[in-house]
Amino acid sequence: MKKVGREIMNHFQSGVSYMIPLVTAAGLLTSIAVIFGGSGVWDTTDTFWGVIRMIGQTGLDFIVPMISGFIAYSIADRPGLAPAFICGMIANEMGTGFIGGMFTGLAVGYLVNYFKKIPVPNQIITLKSLIIIPFLSTGIVGLILWYVLGAPITALNDGLTSWLNGMSGADTALLSAILGAMMAVDMGGPINKVAYAFGTASFSSGSYGASTAMLLAIAIPPLGMFLATLFNKKLYSDEERDNAKTAIIMGCVGITEGTIPFAVADPLRVIPSIVVGSSIACGLNGFFGIIHPTMLSTIMAIPFTSNVLLYSLSILVGGIVTALMVNVLKSIKFRKAEGENN
């Protein structure tokens with residue numbers, strides 16, 4: 001079961017990886033439209049910013065088919081792509097959200113793999129790959145989705161969206177803290193991808209609490225490690241201090257991976273510290289109830305948040321907590337090493 005779970009997570013991670021450029025382009029266009037055109041851009045294409053919003057929203061509407069298509073592609077290669085895109089579009093039209101995209105991608109992918117293994121006469125091998133497999137896999141998964149699983153998945157997605165929209169205070173803080181921890185724990189890995197997909201799906205459905213937490217967490221690890229090198233330079237080499245300068249720049253533009261060299265070099269101290277710092281930053285921001293209706297990450301989102309001061313305070317607290325925790329843990333190691341040398 002563990003092997004199957006890891007395999008499914010790898011396929012899901014692959015689907016999200018292919019989805020990220022779509023989200024970046026569509027999300028930024030939507031964000032720019034909202035920033036310059038105001039809330040009215042959602043209701044019209046009569047203005048320039050309304051058209052920009054429409055272009056961005058069109059891209060966001062492809063999130064579910066993209067996840068579906070590339071999960072199936074990861075499982076079954078090219079034969080799974082077209083059927084999963086079609087079933088993903090059906091799932092999107094039914095309002096199943098990214099849960100429907102995951103289901104159709106996995107179902108199509110494994111079904112296509114099964115059909116590929118069925119032996120056929122040499123005369124119809126080409127026919128099998130071009131017509132039979134796409135026809136059968138699209139029809140079977142599409143019908144199951146429409147008549148059996150579509151309604152329950154849609155109800156689950158609607159309930160999740162309503163729950164997110166109705167959250168406040170401690171509930172929002174808890175969810176935000178969990179998302180922050182998930183974003184930080186593997187910095188672009190499978191757990192990070194799950195949190196990213198969840199936040200993106202929430203944004204595309206008009207619920208900004210989860211997306212704000214997800215985007216806020218991006219810059220906390222690099223900010224924390226940058227501050228750590230400033231607070232106690234002797235704990236870090238010249239190379240690490242230079243890496244910290246690069247990491248903070250990457251964090252400001254929405255790239256967490258600048259922290260990876262620190263995590264690889266000292267995972268037992270760095271990873272818990274960035275997880276705690278990110279969790280606290282996101283939880284605090286969630287408790288304050290601060291959101292922003294954009295797909296801009298952490299630092300760049302500051303001017304467009306519902307409360308600039310409290311949002312900035314959350315970032316600062318998260319960064320300082322990360323820096324202090326990692327330096328305390330490293331100092332213990334440093335003192336032990338000095339004691340052994342003496």
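This report describes selected helices, helix pairs and single residues of one predicted model.

Residues are numbered from 1 along each chain as its sequence is written, and side-chain values use heavy atoms, with hydrogens and water left out. Because the model is predicted, local features need pLDDT of at least 70 and side-chain atom pairs count only at pLDDT 80 or more, whereas totals for chains, interfaces and linings use all residues.

Helices here are DSSP runs of H or I with at least four residues, numbered from the N terminus.

Gly-105 touches Ser-68, Ile-71, Ala-72 and Ile-75 when residues up to four places away in sequence are not counted, contact meaning heavy atoms within 4.5 Å. Although Gly-105 and Ser-68 are 37 residues apart along the chain, their C-alpha atoms are separated by 3.9 Å. Gly-105 counts as buried because its relative accessible area is 0%.

Just after H3, Asp-77 takes a positive phi of about 65°. Most residues other than glycine have a negative phi. Asp-77 is found in the loop between helix H3 (63-76) and helix H4 (81-94), and it counts as partly exposed because its relative accessibility is 41%.

Two packed helices are described by the angle between their axes and the distance between the axes. The axes are lines fitted to C-alpha atoms, for helices over the stretch in contact, and the angles run from 0 to 180 degrees between N-to-C directions.

| Helix pair | Angle between axes | Distance between axes |
|---|---|---|
| H4 and H5 | roughly 150° | within 9 Å |
| H9 and H13 | about 150° | 9 Å |
| H10 and H13 | roughly 120° | within 9 Å |

H4 and H5 (residues 97-117) cross at roughly 150°, and they are therefore roughly antiparallel to each other; angles under 35 degrees count as roughly parallel, over 145 as roughly antiparallel, 65 to 115 as roughly perpendicular and the rest as oblique. H4 passes H5 in a right-handed crossing, a crossing being right-handed if the near helix is turned clockwise from the far one by less than a right angle, and left-handed if anticlockwise. In this contact, Pro-83, Ala-84, Cys-87, Gly-88 and Ala-91 of H4 meet Gly-100, Thr-104 and Val-108 of H5. These residues divide into five nonpolar, three polar and no charged, where Ala, Val, Leu, Ile, Met, Phe, Trp, Tyr, Cys and Pro count as nonpolar, Asp, Glu, Lys and Arg as charged, and the others, Gly among them, as polar.

Helix H9 (residues 208-216) packs against helix H13 (residues 267-288) at an angle of about 150°, which makes H9 roughly antiparallel to H13. H9 passes H13 in a right-handed crossing, and Thr-212, Ala-213 and Leu-216 in H9 meet Ala-281, Cys-282 and Asn-285 in H13. By class, this contact has four nonpolar, two polar and no charged residues. H9 is mostly covered, with eight of its nine residues buried, among them Tyr-208, Met-214 and Leu-215.

H13 also packs with H10, in a crossing that is right-handed. The contact is made by Ile-220, Pro-221 and Met-225 of H10 and by Val-270, Ile-274, Gly-277, Ser-278 and Ala-281 of H13, and it has six nonpolar, two polar and no charged residues. Nine of the 12 residues of H10 are buried, so H10 is largely enclosed by the rest of the structure; the buried residues include Ile-220, Pro-221 and Met-225. The 12 residues of H10 (residues 220-231) should span 16 Å, and its end C-alpha atoms are 16 Å apart, which agrees.

**Leu-29 in helix H1**

Leu-29 is found in helix H1 (residues 2-37) and counts as partly exposed because its relative accessibility is 30%. Leaving aside its neighbours within four places in sequence, Leu-29 is in contact with Ile-52, Ile-55 and Gly-56.

Key. Helix = DSSP H or I, 4+ residues; strand = E, 2+ residues; numbered from the N terminus. Buried < 20%, exposed > 50% of the residue type's maximum accessible area, 1.4 Å probe, protein only. Expected span 1.5 Å × (residues − 1).
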